[in-house]
Amino acid sequence: MASNSVDPQADSTTNNENNENVLAKHVAFFDKNNDGLVYPWETFQGFRAIGCGITLSTAAAFIINMGLSRKTRPGKFPSLLFPIEIKNIALAKHGSDSGVYDTEGRFVPSKFEEIFSKHAHANADALTGDELKQMLKSNREPKDYTGWFASYIEWNILYDLCKDKNGLLHKDTIQAVYDGSLFKKMEEEKESAQKKS
């Protein structure tokens, strides 16, 4: 992946001229029928498409959809189908995170750069497994156990799927997950590998 330069001094409003909700773009990969909703079976399909196993994909579908559906459907009666409304995904943003998405789902470049300035010691443009653990620990908000759990799961899945042979999770990969482009690339790479075998 080509590394995109991020201006650490820019904030979310200067970087995103249209105040684009990149968190929605990140989630839209899982909306397989493009109806603005992500159902558990679409979450499952999305996780399988990026290379996760059946067990993880099943667990992710239940945990993610059950955890986010009500939050993204304010004022609506709960649905047993647990859809996530993409347009409202910023309402489901959890605590104890990196702050790279603001409360409206916009990308905050200075917070993205902070991941590396504070935690990337072995390599300025990548995180080791230990550095990732330290970052998660430093992002914890007191008694925010749900946020701790969500951050731990998200980052560890990303690390397991995307670390290189030296155990490094590269900056351009992390930026691609935030801007919504990583999942499509991973899906294409998986499909290409399957065609070759």
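Helix axes are lines fitted to C-alpha atoms over the stretch in contact, and the angles between them run from 0 to 180 degrees between N-to-C directions. This is a predicted model, in which local features need pLDDT of at least 70 and side-chain atom pairs count only at pLDDT 80 or more, while totals for chains, interfaces and linings use all residues. Residues are numbered from 1 along each chain as its sequence is written, and side-chain values use heavy atoms, with hydrogens and water left out.

**View A. Packing of helices H3 and H4.** Oblique is what remains when angles under 35 degrees count as roughly parallel, over 145 as roughly antiparallel and 65 to 115 as roughly perpendicular. The contact (heavy atoms within 4.5 Å) joins Pro40, Thr43, Phe44, Phe47 and Arg48 of H3 to Ile54, Ser57, Thr58, Ala60, Ala61, Ile64 and Asn65 of H4. By class, these residues divide into seven nonpolar, four polar and one charged, where Ala, Val, Leu, Ile, Met, Phe, Trp, Tyr, Cys and Pro count as nonpolar, Asp, Glu, Lys and Arg as charged, and the others, Gly among them, as polar.

**View B. Packing of helices H7 and H8.** H7 and H8 pack with their axes 11 Å apart, at an angle of about 125°, which makes H7 oblique to H8. On the H7 side Trp155, Leu158 and Cys162 take part, and they meet Thr173, Ile174, Val177 and Tyr178 in H8. This contact has six nonpolar residues, one polar and no charged ones.

**View C. The largest pocket.** On a 1 Å grid over the protein atoms alone, a pocket is an open set of points with protein on both sides within 12 Å along at least five of seven lines, a cavity is a set where a 1.4 Å probe fits but cannot get out, and lining residues have an atom within 4 Å of a point. The largest pocket holds about 1100 Å³ of space, and of its 42 lining residues His26, Ile64, His94, Ala150 and Glu154 lie nearest its centre. H7 gives the largest share of the lining, eleven residues. The lining comprises 30 nonpolar, eight polar and four charged residues.

**View D. The largest cavity.** The largest cavity, with a volume of about 50 Å³, is lined by Met66, Ser69, Arg70, Arg73, Lys76, Phe77, Pro78, Ser79 and Phe82.

Terms used. Points joined across faces, edges and corners; volume = space filled by probe spheres on them. Helix = DSSP H or I, 4+ residues; strand = E, 2+ residues; numbered from the N terminus.
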